[in-house]
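Subject: Structure for your review

Dear colleague,

Please find below the structure that I promised to hand over. My notes on what was found in it follow, and I would be grateful if you read them beside the coordinates.

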Amino acid sequence: MKLHILHANIIYANIIVSIKSFYREKTVVFFRLAFPVILILVFGTIFMERDNEIFDLSIQDLDRTPSSEQLVEAIRLSKRFTITKVSPAVDAKTYAKTHKRNLIVIIPKDFEMSMMQKMESDTFGTPVSLNQLYDPSAFGVTTKLGVLDMVLAGINQEMSGKPPLIVSEPISILKKKYRFIEFFVPGIIAMAVMTASLFGAVNVNAELRQKGVIRKLFTTPITRIDWILSNVLYQFILAVLSTAVMLLVSYVVFSVSLEINAWLVVFIALDVFSFVGLGMILTRVAKEAESASAAADALMFPMMFLSGTFFPVEMMPEFLQKFARVLPLYYVNEGLRAAMVSVDHAAALKCALTIGAFAAVVFVLGSMITTLGGEST
Amino acid sequence: MTQNPEYAIEVTNLTRRYKGFAAVDDISFTVRKGEVFALLGPNGAGKTTTVEIINTIRKPTSGKVTLLGMDVTQKKYKIIPRIGVLPQGFSTFDRITVKETLQYYSRLFCNPNTDINGLIALVNLQDKVKVQYRNLSGGLKQRLGIAVALVNDPEVVFLDEPTTGLDPRARREVWKVLLGLKKKGKTLFLTTHYMEEAELLADTVAIVAKGKITAMGSPGELIENNANYLVAMLKSVDENVFEIVRNMGLAPAYDSQGHIKVRLTHTEDVRRLLNTVKDSGASFAGLDVRKPNLEEVFLKLTDEPLAQGFVRIKGAE
Ligand SMILES: Nc1ncnc2c1ncn2[C@@H]1O[C@H](COP(=O)(O)OP(=O)(O)OP(=O)(O)O)[C@@H](O)[C@H]1O
Ligand SMILES: [Mg+2]
């Protein structure tokens with residue numbers, strides 16, 4: 001018996017058949033490859049717009065000098081604002097109310113004069129000021145003010161010809177600045193690999209069993225281990241393929257900056273092992289195919305929303321964050337982000353060990369209780 | 001009696017229970033090498049259970065089974081490469097073509113020398129080489145299943161109901177393939193519901209009912225030993241005749257042509273039957289008396305009325 005546990009050529013034959021069956025069924029190809037890509041495209045487009053948002057800005061020029069006009073032009077050139085000019089004759093407050101403006105920049109009457117004085121004295125005295133009339137309760141106005149400050153700072157620097165003494169750099173908890181899409185793509189990779197592995201293990205096997213294909217296989221030299229390894233390897237190959245497609249689209253369409261390193265492969269493999277293992281357990285515990293796939297759904301949906309696939313876990317209340325930490329997908333998400341976004345090897349290793357332990361337990365358990373034949377007696 | 005090299009299969013006091021219910025109940029038989037052996041029996045008789053115990057995929061509750069001299073419960077991995085199996089209701093991967101399917105199974109047997117084209121020709125699927133399994137008709141699927149059972153050039157081939165669900169033409173096509181295998185000297189172990197199939201193909205037929213073998217022998221012997229009665233056929237359209245015969249204490253039944261058939265245990269019964277019907281004044285066109293055929297023997301041995309069998313045979317055709 002010892003010599004008959006694993007056969008490379010049988011595993012090869014199974015993988016060939018699985019891959020042929022896969023690409024000959026177009027709906028499966030769509031769900032497996034195109035669906036995650038569509039998610040990335042849709043969410044990526046929504047969030048890309050936020051990243052490069054162009055704001056409305058009303059400017060009331062009370063000075064009406066070449067200098068003030070130059071300033072307006074400089075703001076316009078920053079390309080972050082669509083500028084509406086407000087006539088100096090009207091009252092800015094009333095205008096803001098009637099025209100529903102949440103921010104009006106007012107260039108004071110003595111703007112050019114103050115500028116001249118400032119240039120001549122060349123001291124660090126009080127700067128020339130602009131008045132900002134804004135509605136603090138309005139949504140997004142702080143972002144707008146922040147962007148305006150940045151633009152003005154740039155203009156200042158150009159006019160004085162000196163580098164700024166102090167710059168404020170946005171510091172995030174991550175080492176480098178990242179965009180939402182760069183947070184999102186690893187989450188979708190983890191989720192797509194999870195769903196495919198779980199469904200593959202539950203549905204494909206249930207179907208083959210029900211149709212009697214497994215019964216025929218049991219009359220050939222194939223072993224349980226051959227069968228399980230074939231499934232896992234096939235799922236892994238598809239996971240790598242589907243990840244490659246997702247990454248390619250993300251690079252081409254959104255020019256994401258995500259690191260690709262060996263960790264990526266490690267986490268995909270652990271994702272596959274964990275959820276194929278879980279699928280095997282569900283198949284055995286639930287007996288009937290329908291209840292197994294219902295159980296798979298019941299496990300997958302909370303995992304998708306609570307383990308940081310679509311938004312950071314830190315955004316959730318404390319008790320849900322605690323809950324997230326017992327979900328296996330959380331460690332795939334965190335691990336992939338540590339590997340691809342922040343490139344933090346220590347953090348990636350920690351996640352890999354956690355999900356690795358989980359994968360080992362469910363996979364071994366799943367393999368032990370899976371039977372190829374109709375009988376266990 | 002064990003380990004006789006002449007025997008491909010030896011079954012001794014085999015019993016298989018499911019939760020106390022004996023699906024196979026203390027059966028014994030042997031199959032010689034090169035012999036075609038058929039288990040003939042109605043639904044639920046225990047045929048599949050018996051076959052699957054012999055081909056190692058189910059476990060017996062008690063008894064001893066050797067296949068090619070090896071204990072089936074001990075030597076699964078030694079036995080499997082030397083046998084071929086067409087399971088009941090054979091099915092394989094939907095989107096894999098005929099040729100790819102054969103390549104796949106031949107790889108499972110690590111058998112790079114399988115003559116795939118030869119197998120395709122054997123089951124006459126040359127025109128369907130590139131057709132996916134899901135697009136084959138039932139008869140073609142079954143023929144592919146037989147080819148699959150042969151990829152490892154097995155010494156013993158098990159075929160569990162190879163023609164169930166096929167139309168008469170498709171069934172004849174399968175028989176042709178099986179007769180070809182028989183000619184090649186393969187040991188075939190066959191299960192079937194159909195007497196004609198057993199009669200045509202088998203050297204030895206074992207009739208099973210309710211887990212027991214009720215009769216065994218060559219088709220000729222079975223008729224010889226169990227045809228200790230006569231079958232009378234009354235050609236009549238008069239409905240009263242049926243009642244009259246039943247009132248004689250006999251068990252009449254209509255056959256597929258609407259004639260009345262009845263088993264007669266004694267020669268005198270023929271005269272008694274004829275006189276009774278004549279005396280009643282009922283009209284009838286004639287009386288035929290003959291020895292039963294295997295079909296009728298089978299129905300007797302499985303304890304079924306003549307008519308029920310005929311209805312089923314007709315439905316199957
Ligand atoms: N796994 C099982 N658990 C419980 N009972 C079973 C099992 N398999 C078979 N049986 C029962 O054992 C009896 C024999 O079944 P088997 O499948 O061997 O019959 P068969 O002769 O092959 O019938 P068919 O012609 O319908 O295929 C039936 O009553 C069946 O219900
Ligand atoms: Mg059966």
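A salt bridge is counted here when a side-chain nitrogen of Lys or Arg lies within 4 Å of a carboxyl oxygen of Asp or Glu. The side chains of B:Arg95 and A:Glu25 form such a pair, at 3.5 Å from N to O. Please bear in mind throughout that this is a predicted model.

Salt bridges between the chains

By the same rule, 5 salt bridges are found across the interface of chain B and chain A, and the count over all chains comes to 19. Another salt bridge joins the side chains of B:Glu100 and A:Arg24, with N and O 2.8 Å apart. This pair crosses between chains: B:Glu100 belongs to helix α3 of chain B, whereas A:Arg24 sits in the loop between α1 (8–23) and α2 (26–51) of chain A.

The interface as a whole

The size of an interface is often expressed as the accessible area that is lost when the parts come together. For chain B and chain A, the buried area is about 2900 Å², and carbon and sulfur atoms account for 61% of it. Within chain B, the residues that lose the most area to chain A are B:Tyr77, B:Arg95 and B:Leu108, which together make up 24% of what that side buries. In terms of contacts, 32 residues of chain B touch 27 residues of chain A.

Between the two chains, 10 residue pairs are in polar contact, both residues being at pLDDT 80 or more. On the side of chain B that touches chain A, the elements giving two or more residues are β1 (7–18), α1 (47–54), α2 (76–79), α3 (98–108) and α5 (138–149) of chain B. Of these, α3(B) gives the most, with 5 residues. That side of chain B comprises 16 nonpolar, 7 polar and 9 charged residues.

The ligand

Which residues come nearest to ligand 1? Of the 15 residues around ligand 1, they are B:Asn43, B:Lys47, B:Thr48, B:Thr49 and B:Glu161. An oxygen atom of ligand 1 lies 2.8 Å from a side-chain N or O atom of B:Asn43. For B:Gln88, an oxygen atom of the ligand is likewise 2.8 Å from an N or O atom in the side chain. A nitrogen atom of ligand 1 is 3.4 Å from a side-chain N or O atom of B:Tyr18.

A helix in chain A

Helix α10 of chain A (residues 262–286) has 25 residues and spans 36 Å from its first C-alpha to its last, close to the 36 Å expected at 1.5 Å a residue. Just after α10(A), A:Lys287 adopts a positive phi of about 65°.

With kind regards

Conventions. Residues numbered from 1 in each chain as written. Chains lettered and ligands numbered in written order. Predicted model: local features only at pLDDT ≥ 70, side-chain atom pairs only at ≥ 80, totals over all residues. Heavy atoms only, no water. Helix = DSSP H or I, 4+ residues; strand = E, 2+ residues; numbered from the N terminus. Expected span 1.5 Å × (residues − 1). Contact = heavy atoms within 4.5 Å. Buried area = accessible area lost by both parts, 1.4 Å probe. Polar contact = N/O pair within 3.5 Å; in protein donor to acceptor, adjacent residues only side chain to side chain. Nonpolar A, V, L, I, M, F, W, Y, C, P; charged D, E, K, R; others polar. Near = heavy atom within 4 Å.
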